[in-house]
Amino acid sequence: MGLYIRPRSLGIISKPLERDDDLRTSICCLCNGGCGLKVSLDHEGKVQAVFGDRDNPYNKGKICAKPMEIVQTLYGPYRVGHPLRRINGKFERITWEEALKLIAQRYNHYSQENGTGSIVGITSKIGGSYSKLAHSIFSKLTGMANYGTGPICMESELKVRKDIFGNGSASSPLSDVIKSKIMLIVGNNCAQTKAGQFHWISEAKQQGTKVVVIDTRFTETAQMADRFIQIRPGTDTVLGMALLKIIINNNLYDQAFVSEYTNGFEQLAEAVEAFTLKQAADITGVPRNVIEELAEDLAVRKPGMLFEGRGIVCVNNAGASIRAFEDLMAILGNIGKPGAGIISHINNYGNARDLIPKKDVIKPDRKRSATALYQAMEEGEIKMVFIAGNPCVNWPDSRRMTQAIQGLDFVVSHTLFLDDSAMLADIVLPATHWLEEAGVQASVHRVLQWKDQAAATYAESRSGGDLFRQLAKYMGLETSYFPNSPQKAWELERTHNKSIEGITVERLRKTPGGVHFPCPANGQEAERLYESSLFPTPSGRVELARKNNIAIEYINVFDSPGNQGVSPEKYPYLLSTNKVASHYHTICQYSNWAQEMEKQPYVEMHPQTASELGLTDGDPVRLETVTGSLVLPARITFSVPRGYFTTQPYFGLHSPYRQTPVNSLFPVAVDPVGGNFANKNIMCSASAEGRAGQ
Amino acid sequence: MSQFAMLVDVSRCIACKSCSVACMQENCLHSSSWIRVRGRELLTDHLIKYYNPQSCRHCADPICLAVCPMGAIQRGNDGLVIHDIERCIGCQVCVDACPYSGMKIMTNGKVGKCSFCSHLLEINKEPACVSVCPVEARIFGEREFLIREAGLRIKNLLSRGIKAHLEGADKESTTVLYLSNNTSRSNWLVP
Ligand code: SF4
């Protein structure tokens, strides 16, 4: 496999797109921005282009590059069109029936012989609402334990927010930012990661919302902000605590809100005494007057909002930082009001209940954390894995993950592309793309939007919704629990989940931009959570301290999981990954256009770090951590601090990029509070790699 | 009809490169987008970083037109500079001549450049890059309107301590106007 080109471009003349006027409406299902799309099909019915939908109130016709790039991958050579079976190391085409029969037989075999816990799902890319529901029904009927996006993306954020407010979801829509007086963006480069929705922030700024960005890198978002505060990697907790301290000690918090609606204020006030402001300034590298000014701003400018990103979530001391900043919003009373609250791409609307009678529900016979998964695979406790995603690229210590999967008895991959993980499978099943599946998509505006199927399914691909129902049949399970269409799935979900009962497909179809949730049977939608100051925690109040009564416990990044016991002499630097606008997870790497935008991954470093290492721009540099090493070209920039390296995490060996996944440099280590894997701030060494010709 | 133009506001660009990809999609380009977004950074007493989307500016007096030995480049009454790929022999002298990095070398060995999506203008649509830009760093409209809008934006930037200027409005008139930061080329860290 190699590069592929659109045949039309081979000609001498590339002509502009031939438009059809019959555009289909869809919703982008990439970053949870929920941008409205218009899809153009060619005469064969294939998707040829994607535009922004001007009628969608949230993106008003604007989109980022990603959904356009995605179109290129739909019919490219890496797309899987037929079920494949590995025989003697080679893939051979088989029928769906053969594939399902085989999987069913193996599944039942392992389940009976080795217990339900011998089969797990690694399922971060399960598909739309139809597929998700079928997957959850299947898991309930079989006792399959699943590892979704949680550990690699947002587990810590979800867990900490749930502890504080009782619900891990965003409390407010992004669109509220135009009503806020200050917007705090922490470790979040949304100008790149949610570019299609960034106009909300730029509009807000033009209307007078003060945009403050806290980050280690001088990001594109920081560039657009009114104020950028560059912080030392992994020290966000201390900044958050210092802000809390100033606000508490000067009585700048919302006293009525704190006394009426919160618990644990004393513990919080005690915890933030752990550092003096001078110490905080020394640790974070943020001058004391800048911290004081920000605290002042937050106290005066109300309502205010918080938008955290992977920069403080996918780190080994995430839980403490998230708590510090969210507690901060809480004591300022920035919750449950227009223009106040927490923005997030986490948009859980709750699970459907009682879909299956208790007698048919099987619980997994073993529970394992995401970290324990590796060992359980290596030691043969796990026999079979069902993959929908690309763990060999996006899970930490990717090389170990790859070897662990290789050692299993039986691997199934339901996938769009023959990626690094699918290449290890015994059975590869072709999955439908989100443009080929109808369903409901949540967005950062706390709305649910409906999309119809925009394009015909590619070759023999099937959605997770169909796959799990059919597999259940071959396994001899009760299939009547499974819906057989996206519409029916939503109807079933809606009628078994009180928080979305009022959101029918018809209503979604009629409402451009969708319907906010929760929206119970009476049809009343809630734009933001907690407007009634009722918090779904056990006490009904905001919990400012953790259950152990310690509000916030800062752990130095060098003493955090993954760095504990690592020699600072041998590994004196820190390595992180960061996102760029043209890539999303591991799927855009199959697009030519994405490749033109990002020719190859590179490692950003400060000019002084580069000169210490004897490097000039573009020179190869070897980065090494306790789990592995990798050579990348150097990109010299003032945007990162000294002694810090950052690169892009999207690439695998089985793609036009042919890159060793950078996640192989990150050890299997989780944030002790929230359970998120870290793909930032891991200790590394760096050296100039021999140049060509030497 | 009064004259139309495009305003590219460098101060607003967030480097999402949506314009660049939309250009390839609209013009069916496999690679070599007619817009390239380049990062700039320079260190004064503080770090200045911005992005410069480079594409043809559709000059009133195009140097590419002057140097092309084949007469493959023409300027129409509407102010658009159009490159005729059938006449182009791929000598690429225009690529070097263009001060704005507007001419791109294509995979077929010839050159290519922004057509201002003239095929879209004909059906009353705005250029593809403008239609996707999430932050109004690229806007399309009447020239006079855009010059006024640029003036407002410059004033607004100045109130926040950022000096910027408009390129292409008068003397070296171009159909694509650039609102640029006042920085000098020699300071760029990444050339
Ligand atoms: S910003 Fe997000 S939702 Fe919008 S088009 Fe880009 S990837 Fe899709």
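Reader: Which residues is A:His606 in contact with, leaving aside its neighbours within four places in sequence?
Author: This is a predicted model. In it, A:His606 is in contact with A:Ile636, A:Thr637, A:Phe638, A:Val640, A:Pro641 and A:Arg642, once neighbours within four places in sequence are set aside.

Reader: And where is the place of A:His606 in chain A?
Author: A:His606 is in the loop between strand 22 (603-605) and helix 23 (607-612) of chain A. The side chain of A:His606 reaches the backbone nitrogen of A:Gln608 at 3.1 Å.

Reader: Is A:His606 buried or exposed?
Author: Buried, because its relative accessible area is 12%, and the cut-off for buried is under 20%.

Reader: Why do A:Glu293 and A:Arg227 count as partly exposed?
Author: A:Glu293 counts as partly exposed because its relative accessibility is 35%. A:Arg227 counts as partly exposed because its relative accessibility is 28%.

Reader: What about A:Lys278 and A:Asp282, where do they lie?
Author: Both lie in helix 12 (residues 277-284) of chain A, four residues apart, about one turn of the helix. A:Lys278 is exposed, with a relative accessible area of 53%, while A:Asp282 is partly exposed at 47%.

Reader: And B:Arg12 and B:Asp9, buried or exposed?
Author: B:Arg12 is buried, and B:Asp9 is buried too. They form a salt bridge, with the closest N and O atoms 3.7 Å apart.

Reader: Which residues do salt bridges with shared partners join into one network?
Author: A:Glu157, A:Arg161, A:Glu308, A:Arg310 and A:Glu326.

Reader: Changing topic. How many residues of chain B are in contact with chain A?
Author: 46 residues of chain B are in contact with 49 residues of chain A. The area buried between the two chains is about 4,000 Å², and carbon and sulfur atoms give 56% of that. In chain B, the residues that lose the most area to chain A are B:Gln25, B:Cys28 and B:His30, together 19% of what that side buries.

Reader: How many salt bridges are there between chain B and chain A?
Author: There are three. A:Arg19 forms a salt bridge with B:Glu26, the closest N and O atoms being 2.5 Å apart. The count of residue pairs in polar contact between the chains is 20.

Reader: Which element gives the largest share of the side of chain B that touches chain A?
Author: Helix 1 of chain B, with seven residues. The residues of that side of chain B divide into 23 nonpolar, 13 polar and 10 charged.

Reader: Last one. Which residues surround the ligand?
Author: A:Cys28, A:Leu30, A:Cys31, A:Gly33, A:Gly34, A:Cys35, A:Cys64, A:Lys66, A:Pro67, A:Lys194, A:Ala195 and A:Gly196. The residues of this shell divide into seven nonpolar, three polar and two charged.

Conventions. Residues numbered from 1 in each chain as written. Chains lettered and ligands numbered in written order. Predicted model: local features only at pLDDT ≥ 70, side-chain atom pairs only at ≥ 80, totals over all residues. Heavy atoms only, no water. Near = heavy atom within 4 Å. Nonpolar A, V, L, I, M, F, W, Y, C, P; charged D, E, K, R; others polar. Contact = heavy atoms within 4.5 Å. Buried area = accessible area lost by both parts, 1.4 Å probe. Salt bridge = Lys/Arg side-chain N within 4 Å of Asp/Glu carboxyl O. Polar contact = N/O pair within 3.5 Å; in protein donor to acceptor, adjacent residues only side chain to side chain. Helix = DSSP H or I, 4+ residues; strand = E, 2+ residues; numbered from the N terminus. Buried < 20%, exposed > 50% of the residue type's maximum accessible area, 1.4 Å probe, protein only.
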